[in-house]
Amino acid sequence: MLSKNAVTVLERRYLKKDAAGQPTEKPDDLFKRVAQAIAEADKEFNIDADVKATQDVFYDMMSRLKFMPNSPTLMNAGRPLGQLSACFVLPVSDSMEDIFDALKNAALIHKSGGGTGFSFSRLRPAGAAVNSTGGVASGPISFMKVFNAATEAVKQGGTRRGANMGILRIDHPDIMDFIQCKKNTAEITNFNISVGITEEFMKAVHEKREYALVDPHDKKECGRLYAPAVFDLIVKMAWTNGEPGIVFLDRINRDNPVPSLGEVESTNPCGEQPLLPFESCNLGSINLDAMLIRKGGGYELDYEEFERTIRHAVHFLDNVITVNNYPLDEIREMTLSTRKIGLGLMGFADILYKLKIPYNSDEAIELAEKVMKFLRDTARDASNELAKERGTFPTYSESVFKSKGIVQRNATVTTIAPTGTISIICGASSGIEPIFGLSYIRNVMDNDELLEIHPYFEEVMKERGLYSKELMSRIAQEGTIAHIEEIPQDIRDIFVTAHDITPEYHVRMQAAFQKYTDNAVSKTVNFPREATQDDVRTVYELAYELGLKGVTIYRDGSRDAQVLNIGKVN
Ligand code: UDP
């Protein structure tokens with residue numbers, strides 16, 4: 001059932017290996033190892049639990065590619081490292097000790113396959129006084145470069161590429177430098193950067209006025225900037241090479257389920273998981289394509305199977321929190337206090353093809369809302385069931401759920417992850433993204449390249465007698481079939497790819513999923529190469545209006561090394 005690409009990925013980094021680097025387990029052994037290690041947690045709550053039965057259920061979900069936990073769980077469960085989470089946020093306070101503690105902790109997390117997010121907003125700005133030395137501070141960006149260099153070094157020996165998110169609040173005095181710190185795309189390459197946007201800032205942009213910069217030390221105003229000009233600079237830089245992204249910090253904090261624990265100041269590297277300082281989260285995704293059944297001549301989503309899978313997945317992810325080996329005491333304490341999990345989806349674009357619904361249609365948006373509402377409601381119900389058996393998360397009495405009378409085991413249950421690697425393992429389209437190209441070359445891990453033709457597209461083309469190698473190459477070159485006249489219109493309408501979809505539809509799709517997601521949604525809004533800065537501005541405004549927690553845009557061809565390249569066929 002595993003594709004050749006899936007086996008390649010698993011062999012390279014996920015399977016146990018001997019000293020000579022030869023795999024000592026097969027993919028099936030991996031699923032058994034993970035199922036067994038995660039099912040063990042049942043015993044913590046019930047000494048008589050039928051662990052074997054749980055193990056079989058978990059094994060079945062993974063081996064049939066219905067559900068996959070995030071990569072660190074696949075790599076490390078049932079092995080000595082035992083670190084199972086993909087997402088961490090570490091605090092960076094304004095002292096040398098704290099900055100370098102954060103650096104060391106990040107290195108340990110990267111080594112185990114986790115990604116780290118940081119807010120650098122508490123660091124004093126460049127040029128500020130340093131009392132103990134009489135010198136001047138070098139500021140957040142210079143420290144980000146240190147974190148970046150450390151990540152680069154750890155990358156060599158770790159299980160996968162360490163990834164970081166760096167956030168700076170819009171009212172930090174160094175904000176203008178931060179917005180431009182990745183202008184040179186060869187710098188700070190191990191960071192995604194996002195500007196932390198406040199409601200006050202957006203108001204100032206709309207009212208075309210100045211807003212206050214705040215000294216992180218004494219919280220006093222220390223300067224003013226004209227908001228529309230700052231917004232324009234963010235837009236210009238994002239248009240230039242895709243960075244910075246933006247995150248709406250106040251909006252994220254409005255959804256903070258336990259406000260008494262503090263403020264959320266950062267997300268994980270890909271932006272889908274806002275977390276409190278020292279909090280971690282483990283993610284898992286259901287492969288929607290495996291939830292389809294044949295009906296008549298077509299396909300239909302099997303909601304009974306979907307419901308069962310969601311319930312088992314919540315059980316699985318809650319167990320992960322229990323058996324996880326945390327890299328730091330502070331992280332264990334914070335994570336156990338909220339027990340956040342992030343269940344999401346992959347294969348959304350695949351099922352749209354099979355259901356004959358164009359991604360860029362209102363019908364697709366409606367389906368997105370329906371599917372995600374079902375997932376969230378069922379996952380909450382499953383978390384409620386677990387709470388009856390195992391108890392609520394320890395800070396429940398301080399949480400927003402308590403006041404609403406909703407009993408939960410987990411402070412959050414849903415997140416839409418990018419599923420960069422696990423979607424390859426499942427042979428599914430990643431997360432909620434449209435298909436990037438119906439045939440293309442994918443660069444995976446370092447410099448390896450894999451050729452892919454979308455399997456269902458291939459099937460349909462063969463069925464209709466339209467398949468030829470020449471045509472597939474042409475499609476790979478063009479990246480879209482929209483203008484290929486020998487392909488019938490009905491196929492061209494349904495098999496749309498990222499480039500056929502307007503940025504507005506990308507944002508609307510992200511918003512449809514965000515509506516029913518506790519955490520956030522990983523999504524890139526793709527622009528054609530010829531898009532203007534105004535186009536980018538319009539999308540940022542729309543994202544704000546539609547209630548997104550953040551946006552990442554990418555204009556085709558604006559960065560040298562793209563992960564996915566159209567027109568590169570071996
Ligand atoms: N991540 C990371 N390094 C990577 C890819 C991912 O640290 O090379 C972390 C990061 O926090 C990201 C999260 O894993 O936001 C989820 O990414 P994804 O869904 O692509 O991971 P997968 O489980 O598919 O490997």
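Predicted model: local features only at pLDDT ≥ 70, side-chain atom pairs only at ≥ 80, totals over all residues.
Residues are numbered from 1 along each chain as its sequence is written, and side-chain values use heavy atoms, with hydrogens and water left out.

**Domains and their interface**

- The chain is assigned domain 1 (4-12 + 19-73 + 283-422) and domain 2 (87-267), with bounds that come from an automatic or database domain assignment.
- The C-alpha centres of domain 1 and domain 2 are 30 Å apart.
- On the contact count (heavy atoms within 4.5 Å), 19 residues of domain 1 meet 15 residues of domain 2.
- The two domains bury about 1100 Å² between them, 73% of it on carbon and sulfur atoms; buried area here is the accessible area (1.4 Å probe) that two parts lose on being put together, summed over both.
- On the domain 1 side, Pro-327, Leu-328 and Glu-398 give up the most area to domain 2, together 32% of what that side buries.
- What the rule does find is 2 residue pairs in polar contact, both at pLDDT 80 or more. That term covers N or O atoms within 3.5 Å; within protein, one must be able to donate a hydrogen and the other to accept it, and residues adjacent in sequence count only if both atoms are side-chain atoms.
- Elements giving two or more residues to the domain 1 side are α5 (71-76), α13 (329-338) and α16 (400-404), and α13 gives the most, with 4 residues. Helices (H or I, at least four residues) and strands (E, at least two) are DSSP runs, numbered from the N terminus.

**Around the ligand**

- There are 18 residues around the ligand (a heavy atom within 4 Å), and Ser-71, Arg-160, Asn-268, Thr-419 and Gly-420 come nearest.
- Ligand oxygen atoms sit 2.7 Å from a polar backbone atom of Gly-420, 2.8 Å from a side-chain N or O atom of Asn-268 and 3.2 Å from a backbone N or O atom of Gly-115.

- Most residues other than glycine have a negative phi, and most peptide bonds are trans.
- The peptide bond from Glu-243 to Pro-244 is cis, with omega near 5°; Pro-244 is in the loop between α10 (227-241) and β8 (245-248).
- Leu-65 has a positive phi, near 60°, and is found in the loop between α4 (51-63) and β1 (67-69).
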